Amino acid sequence: MLSPNEQALFVLPDISIEVDAIRNDPDLSAEDKARKEEEAHRTYAEKSQAVHNINQLMKAYTLFEKDVQYLVSEDGRVIIVDEATGRPQPGRRFADGLHQALEAKEGVKLEKETRTVASITVQNLFRMYHKLAGMTGTAETEASELWEIYKLDVAVIPTNRPIRRFDQEDQIFRTKREKYNAIIEEIDRLHQLGLPVLVGTISVEVSELLSRMLSRRGIKHQLLNARHHDKEAQIVAEAGRAGAVTIATNMAGRGTDIKLAPKVVHLDRQIVESDLTLEDKLPAGQGLRQYLQENPSGLQVIGTERHEARRIDRQLRGRAGRQGDPGSSRFYLSLEDDLMRLFGSERIASVMDKLGAEEGEVIEAGMVTRSIERAQKKVEARNFEMRKHVLDYDDVMNQQRQVIYNRRHDLLEQESAREQIAEMIEESVEDILASHVDADDLAEEWNWEGLQTEFGSTFFLGYSISEDERAHASVDSLREQLLTTVREAYQRRIDVVGEEIFREVEKGISLRTIDTCWQEHLHEIDELRDGIGFVGVGGKNPLIEYKKGAYDMFESLIGRIAQETLRNLFQLRIDIGTEALEPARRPSRINAVHQDATNMGFRGVEPASTGVPGQPAQLRGSGGGSSEGQAQAVRQPVVREQPKVGRNAPCPCGSGKKYKRCCGA
């Protein structure tokens, strides 16, 4: 498929030009035109899907790394790993076929593609609350973002006891191999001193690599990552014991309180509970910082790589030195790390060359550490702009989301959807008249055929008017006739099945239609957002163009919800009999068919009586019947008056859709 001989696969034809050429070809009959147009649409869809699948496969192979962004479980499932927390996300799946591409890459079973039912950004989710507050130990670095997004100030509360954690300078090596060897040596040294060690990694892959290296050294340790998250409580409970070595992803870097064994705290308890800081002196005259540097004490935190956000690095450091306990932290870096590779690795490498640094030698300087922190600030600023950019786009969707959710909430709160349906009927009739009737023209010049076709495709009702009546028709009289026809058909359905049952069905159809149309709208909006960046080439603002496009699509959505609701309601067939009227025995059975579709190639069938006084009749003569000796109603066959419509042929209702996606659904 990807060979040079298949280059045509990646060239998508202009479908509008091809269809226009087919329609204007005088040598083709109507059937040939319909067939060729269908073939053109099918070819375009196949090529478009193939290109999309190849793009997703290339993304899966090049941008997604196993045991970093995802892992494969023991039962052969691809599970997303949250890069910020290091925790598995078994309930989540990548959208748009990407998850299937990862499953194909790993050779596991391909699961069915999921579909987005609802979406919202975290920022807009929190904005829904009337009161917002939070508490975290690392909010200070994000103070500007918290103010800009939520208008929240950050207040720094002093710690209960002075922090006695000794944060050492970063150590920088040329290669990852040198860095990992130095980390193993440091773990071995601290392990022999009987101190607990917490090693923080940024991915499952690195944590398992260090685990293998420690195993070869014969150092007993615990591994905490997305694969072993079920043992988290036990591993954390034992992480503060003397000589304990714990290798963990970001799972242990936040919200984890590691309780230290008393013998690993080499400080008098009175000093721990006092107000002495690292800059103060002990009673013996020695500075506390110098003492802890010469006599390591408490939990020793080792970071294998700097994260893009300083906040996550601070969370890892914060596992040590809690509640006045002593501890230390140090990060080991290499010029091959992602952050170093993106910012400043060449400059640092040239410094190492000038100093004559050989393999295995390390750079340890405050200047380098500060340079790395500046790089982190740049990345944080870039990530904030990206989040703000996403929020700007989601703000557009947020307004639409509120309208749809409020409409859905109103339906759920009300006993029935009668008022909404009545409004939809009036609005739909008005739209039909506006499309085909012009009050300034003579009645004979109105588009009567188009009006009848659209009216029939919306309400599945036949409407005919003689030539004489057309000549004397007015807009108001025509509106009244159409409304009367629809309302009478609507009332017939209520009379057939009963008020209570019909209101439940009506409400269910309304909710289901809103949900289905909203899901389709989300997919269309995603496609709009994915391609809107190209308008920037023409000098236009993508955000403004996105707002315009999203508004037009939302207006279309509102109209589509009303149209689809009425279609589903008026093509409904409800089979109900004696047993169905007894809820304890059997619920009613609901089937969607073309009811009263006299203009769709079918002959309308009169409702058949059940023969039981006071019992609702059945639509379309469907068999409800009863057991226990009662005669079952005879099912009336559907008589076809026109040729069968193919599933891929244009729907005869005039909607422009394929029959299988419209009336044949």
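Student: What stands opposite L71 in β2?

Tutor: L71 stands opposite I79. A word on the source: this is a predicted model, where local features need pLDDT of at least 70, side-chain atom pairs count only at pLDDT 80 or more, and totals for chains, interfaces and linings use all residues. Residues are numbered from 1 along each chain as its sequence is written, and side-chain values use heavy atoms, leaving out hydrogens and water.

Student: How do you know that β1 and strand β2 pair?

Tutor: Pairing takes at least two bridges found by DSSP, and 3 bridges join β1 to β2 (residues 78-81), so these antiparallel strands pair. Strands here are DSSP E runs of at least two residues, and helices are H or I runs of at least four, numbered from the N terminus.

Student: Why are β1 and β3 at the edges of the sheet?

Tutor: The open sheet has the order β1-β2-β3. β1 (70-72) and β3 (88-89) each have a single partner strand, so one side of each lacks a neighbour in the sheet.

Student: Why is L132 called partly exposed?

Tutor: Buried means under 20% relative accessible area, exposed means over 50%, and partly exposed lies in between (1.4 Å probe, protein chains only). L132 has 31%, so it is partly exposed. L132 sits in the loop between α4 (122-127) and α5 (143-150).

Student: Which way do the residues of strand β6 point?

Tutor: In β6 (residues 197-200), V197 and V199 point one way, L198 and G200 the other way, and all are buried.

Student: What makes β6 and strand β8 a pair?

Tutor: 4 bridges join β6 to β8 (residues 245-248), which meets the bridge requirement, so these parallel strands pair. V199 stands opposite I247 in β8.
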